[in-house]
Amino acid sequence: MPIKNSLLWMGLAQGISFLLQFGSSLVVARYLSPHETGIYAAALSIVSLLSMAQTLGLSALIIREKDLTAELTGSAFTINALVSVVLAAIIFAISYAGEALLGDAGVRHALFALAPIPLLGIVSFLPAAMMERRGEFKTIALIGTAGTIAGAIVIVAAAILGQSYMSVVYGQWTNACIVTFDMAIVGREHARVRPGLTAWRSVADFALQMVAVSGINNLSTRSSDVFLGYFSGLASLGFYNRASALNGLLWTNIHLFIGRVMLVDYAELYRQGISLRERYIRTVEMITALLWPLFIGLAILSQPIVTLLFGPRWQFAATPLAMLAIASAIQVAITMTWELFAATDRMRVQTRVEIIRSIFALVTFVGGCLISLNMAAAARIVDALFALYLYRPHLNAMTDTRFRDFIPAYRRAALLTVAACGPSAVLMIFANEASTNLFRLAAAILGGVLLWVILLFVLDHPLRGELRGMLFPYGRASRRK
């Protein structure tokens, strides 16, 4: 499938996912207290810590591999299955430790319910990886959307029925089951594999590199959540989790979905020996023009957004949300980092860089936890700046670029950000007493969007053409006819 069509289908799926996740989060915030939210966040953090062993990235190996053999496929499937079984058993066993550490039986109940989910990945692993390798993003998007819809319905219904923090767990279970079942049916031709360990050395080498990168980052992030819950209490973790989830809606539903498509594209170009220079510069230009205004706007309007969406009792999540949004905007400047390292087979290099970055991030975050919730969130900005410093030279080397090559893209993105966020900034500065008024807030946001669109045309920005091509892929052909 052409890259524009892939992005269109994945974009539609992520748009639906965003709306459903956003809507369900509003319901959950109204029915769950910060303490209840903290219980689920703590359990999820412990599961994620233990799941480092499952972040093998073996699907990326299947996507990237030039000559995919039956031996390699069988070995990848077998190793993934073994790790999933062991992980589920460990989560079951460690659930009592989670209760003892954080002093709430709810953590144990949530861990018990989350433990079997890794086993579902055994079934969907190969079908999902092979469909992604072949660029079948339309099918992937439809399956993901079905799971998201079902999961959101269960979360909302369970929350309304008083299932507390378990409502989110039930939603995750539903989503995982729907996706696994659909993948097994639609991708059954890819599921024919002979388990074995013939190519275990190649698989293990790649897996260790992926664990070292994704696992170390995950260890740092999830350990930070546990430390915050330990030092500041589950309520503070609940506030932070709510801010992180809202910020993550933008990051996951826009940045990460683009990354899934670009990984396939970068890997194909690299296999053909084509320089990634032009493709990466264009990627940076597209993503900064789109995400800088969104994240900076979210930071500016964090207080009224949190108050209007979740209610006054969640107001302490506003400042952490602003900090996290600013950190995400900084990280956008070095977009597609993991995708480039994976596509160009330089995961060992990223491992060394990520170890340094993750240790720094954990130390600064824990230091912030000892002061206040807001300082812990502010530590994420320091972490993002440090990541920018660490990764920029490596990105330039992989893409045959220099920093000055990106200055025009950054300049145009900055102008678009000022235009898009200007009305919101004016509202917050000069009409602060009415800034939580829904209609004025909506007017400021819509005004910013209009100015952003106008400036896209004035600057003749490439994003304008890309969006038109994605939305109307057959427009030119139709006109010629």
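Modeller: In this predicted model, a residue counts as buried when its relative accessible area is under 20%.

Colleague: Is Ser24 buried or exposed on that criterion?

Modeller: Ser24 has a relative accessible area of 8%, so it is classed as buried. The residue is found in helix 1, which spans residues 3-31. Beyond residues up to four places away in sequence, Ser24 touches Ala152, Ile155 and Val156.

Colleague: Which residues does Leu58 contact, leaving aside neighbours within four places in sequence?

Modeller: The contacts of Leu58 are Ala76, Ile79, Asn80, Phe125, Val203, Phe206 and Ala207.

Colleague: Turning to the surface, which residues form the nonpolar patch there?

Modeller: Phe227, Tyr230, Phe231, Leu370, Ile371 and Met375 make up a nonpolar patch, and together they have about 630 Å² of accessible area. Helix 9 (residues 200-232) supplies the largest share of the patch, with three residues.

Colleague: Where is Ile371 found, and why does it count as exposed?

Modeller: Ile371 is found in the loop between helix 15 (347-369) and helix 16 (373-399). The cut-off for exposed is over 50%; Ile371 counts as exposed because its relative accessibility is 61%.

Terms used:
Residues numbered from 1 in each chain as written. Predicted model: local features only at pLDDT ≥ 70, side-chain atom pairs only at ≥ 80, totals over all residues. Heavy atoms only, no water. Helix = DSSP H or I, 4+ residues; strand = E, 2+ residues; numbered from the N terminus. Buried < 20%, exposed > 50% of the residue type's maximum accessible area, 1.4 Å probe, protein only. Contact = heavy atoms within 4.5 Å. Patch = residues over 30% accessible without salt bridge, like charges linked within 9 Å, V, L, I, M, F, W, Y side chains within 5 Å. Areas by Shrake-Rupley, 256 points an atom, 1.4 Å probe, with all protein chains shown as cover. Salt bridge = Lys/Arg side-chain N within 4 Å of Asp/Glu carboxyl O.
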